[in-house]
Amino acid sequence: MKPSLLSILFFLFAFHLFSQEEITEKEIYGHIHFLTSEKLAGRYPGTKANDSVVVYIFNDFTANGITVLQQEFEAMMRKDSSTVKTFNVIGLIKGNDPILKDEFIVLGAHYDHLGKSGDSIYYGADDNASGTASLLEIGEKLSLNKEKLKRSMILIAFGAEEQGLLGSKFFVENPLFPLERIKMMINLDMVGRLNEQQQIFMGGAGTFPYGVELMKSLGKRSNLNPVVHVGSVGGSDHVSFYKKKISVLGLHTGGHPQYHQTTDTLDLINLKGQVKVSNYVYDTIVALSNFEELFFIYQK
């Protein structure tokens with residue numbers, strides 16, 4: 001039996017009241033500050049700086065009681081066709097339902113960026129240090145409130161997205177969990193620039209039951225203005241999952257002139273807005289984890 005919208009809203013209300021461990025601007029800032037530091041030189045795949053990011057994510061998951069796995073893979077660089085070694089970092093939080101714990105919801109964000117051009121660094125604060133920071137903070141909150149999760153959670157920090165979604169492609173072709181048990185993939189890519197209209201943009205809300213209704217209802221509760229597309233799936237790592245007939249939701253806070261420029265810096269991040277977006281995604285996950293049934297719906 002599919003859940004009614006009323007029951008969805010009941011879960012949202014209950015979990016919102018009793019959730020623990022707040023996501024804070026200070027924590028978001030700390031993650032992005034590290035990820036955009038000059039010593040990481042734009043987080044280019046195959047570099048020691050990239051490996052430092054992998055260690056950072058691994059340690060953060062571990063510190064928050066999240067089981068951690070790594071996937072090593074080879075990535076071909078677009079600029080010179082060289083092949084380098086990089087990683088997906090994968091966290092697991094087990095659900096509590098005797099049956100539904102064997103199904104999974106994936107929350108993902110890519111951590112890589114474009115490296116340097118001469119002496120200029122592509123800092124990638126919004127793209128995608130913001131998504132990585134939210135992944136870590138939502139993961140921490142989920143781990144502290146895992147009794148609310150019927151389904152299990154897979155957290156994935158993808159490598160080499162900027163080179164052609166390579167980390168997510170590798171994961172779905174070499175899954176560490178049966179793909180048929182992955183019922184949903186939520187992707188965070190550029191979530192740090194919430195505008196004055198409080199708009200959070202998303203594609204894929206029609207690929208799972210009650211998706212449009214759920215995301216709009218959550219938006220009202222979170223004082224956000226969701227721009228919800230039933231389809232419009234393309235653009236980032238969630239595409240790799242959609243091609244495997246897995247329901248997806250790709251979220252972002254909109255484009256800007258600093259996209260793929262050296263001016264995409266921490267000072268332009270809307271920290272208060274990113275906290276709101278992160279809590280919105282957290283509430284979405286808790287609700288979806290408690291759906292009686294999740295299934296794929298094709299959208300053009």
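Okay, rings before anything else: Phe, Tyr and Trp (its six-membered ring) pair if their centres lie within 6.5 Å, with planes under 30 degrees apart counted as stacked, over 60 as edge-to-face and the rest as tilted. By that rule, ring pairs link Phe158, Phe171 and Phe241 into a cluster.

Quick housekeeping. This is a predicted model, where local features need pLDDT of at least 70 and side-chain atom pairs count only at pLDDT 80 or more, while totals for chains, interfaces and linings use all residues. Residues are numbered from 1 along each chain as its sequence is written, and side-chain values use heavy atoms, with hydrogens and water left out.

Back to the rings: there are 7 aromatic pairs in the structure. Take Tyr242 and Phe296: their ring centres are 5.4 Å apart and the planes sit at 55°, so we call that pair tilted. Tyr242 is in helix H7 (residues 238–242) and Phe296 in the segment after helix H8 (271–289), so the pair ties together parts 54 residues apart in sequence. Helices here are DSSP runs of H or I, at least four residues, and strands are runs of E, at least two, numbered from the N terminus.

Now, buried or exposed: what is Tyr242? Buried, at 13% relative accessibility; the cut-offs are under 20% relative accessible area for buried, over 50% for exposed, partly exposed in between, with a 1.4 Å probe and protein chains only. Phe296, at 26%, is partly exposed.

Last stop, strand S7 (residues 182–188): 6 of its 7 residues are buried, so the rest of the structure largely encloses it. S7 pairs in the parallel sense with S3 (residues 104–110) over 5 bridges, where pairing takes at least two DSSP bridges.
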